[in-house]
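The exercises that follow ask the reader to work through a single protein model step by step. Please keep the sequence and the coordinates open while comparing each solution with the display.

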Amino acid sequence: MKTAYPSRILIDLSSTCNLACPKCLLYGDNKNEELRKDIIGNIISEKSISKVSQESADYSPIFSTQLWSEPLTNPYFKAHMEILKKNSLPISFNTNGILMTKKISSYLVDLKVDSVTISIDAVTKQTLKKA
């Protein structure tokens, strides 16, 4: 008998970001230094993402590949995505869109990434300061 398994797995592939959104606990105005010391500078290994995805494959949870980071800053982003897709897992990720190029967009379409969300905190500096 299979046990209950989460329908979504949140996993940060790396802990780097190219912005400093005001409300972000890692990079924003009110940085949480305790949280930062445990997170900043980490990148999940291909071995670890392979292990987690293989163990999850029978349950098909959606893998959301970001928590506090910008996934496209990860130097192993493509390798991580390919490992997840190799195990037939649905992928969802959020990006600020700044690093999204036509080449990356085509890659994501070709890989059949299931969901890409582009976050926009504000469209002007004044609005961003109000965030």
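## Exercises on a predicted model

Ser-88 is exposed, with a relative accessible area of 58%.

**Exercise 1.** Describe the order of the elements and the extent of the protein chain.

*Solution.* Begin with the inventory: the protein chain holds 5 helices and 4 strands. Next, read these elements from the N terminus, which gives the order β-α-α-β-α-β-α-β-α. Then turn to the extent, where the C-alpha atoms occupy a box of roughly 55 × 35 × 25 Å along the principal axes. Finally, consider burial: of the 131 residues in the protein chain, 36% are buried.

**Exercise 2.** Determine which residues form salt bridges, and where the partners lie in the chain.

*Solution.* The count comes to 2 salt bridges. In one of them Lys-51 pairs with Glu-55, and the closest N and O atoms are 3.1 Å apart. Both residues belong to helix α2 (residues 46–56), and because they are 4 residues apart, about one helical turn separates them. Lys-51 counts as exposed at 51% relative accessibility, whereas Glu-55, at 47%, is partly exposed; the cut-off for exposed is over 50%.

The other salt bridge joins the side chains of Lys-85 and Asp-114, with 2.7 Å from N to O. This pair links distant parts of the chain, since Lys-85 sits in helix α3 (residues 77–86) and Asp-114 in the loop between α4 (102–111) and β4 (115–118), 29 residues apart. Asp-114 is partly exposed, with a relative accessible area of 48%.

**Exercise 3.** Characterise the largest pocket by its volume and by its lining.

*Solution.* Take the volume to begin with: the largest pocket contains about 520 Å³ of space. Its lining consists of 25 residues, and those nearest the centre are Leu-19, Cys-21, Asn-96, Ser-119 and Asp-121. At least two lining residues come from each of β3 (91–95) and α5 (125–130). Sorted by class, the lining comprises 15 nonpolar, 7 polar and 3 charged residues.

**Exercise 4.** Identify the residues of the nonpolar surface patch, and state whether Leu-10 is buried or exposed.

*Solution.* The patch is formed by Leu-10, Leu-25, Leu-67 and Trp-68, which together have about 350 Å² of accessible area. Leu-10 can then be located in strand β1 (residues 8–10). With 51% relative accessibility, Leu-10 counts as exposed.

Conventions. Residues numbered from 1 in each chain as written. Predicted model: local features only at pLDDT ≥ 70, side-chain atom pairs only at ≥ 80, totals over all residues. Heavy atoms only, no water. 1 Å grid on protein atoms, 1.4 Å probe; cavity = no way out; pocket = protein on both sides within 12 Å on 5 of 7 lines; lining within 4 Å. Points joined across faces, edges and corners; volume = space filled by probe spheres on them. Nonpolar A, V, L, I, M, F, W, Y, C, P; charged D, E, K, R; others polar. Patch = residues over 30% accessible without salt bridge, like charges linked within 9 Å, V, L, I, M, F, W, Y side chains within 5 Å. Areas by Shrake-Rupley, 256 points an atom, 1.4 Å probe, with all protein chains shown as cover. Salt bridge = Lys/Arg side-chain N within 4 Å of Asp/Glu carboxyl O. Buried < 20%, exposed > 50% of the residue type's maximum accessible area, 1.4 Å probe, protein only.
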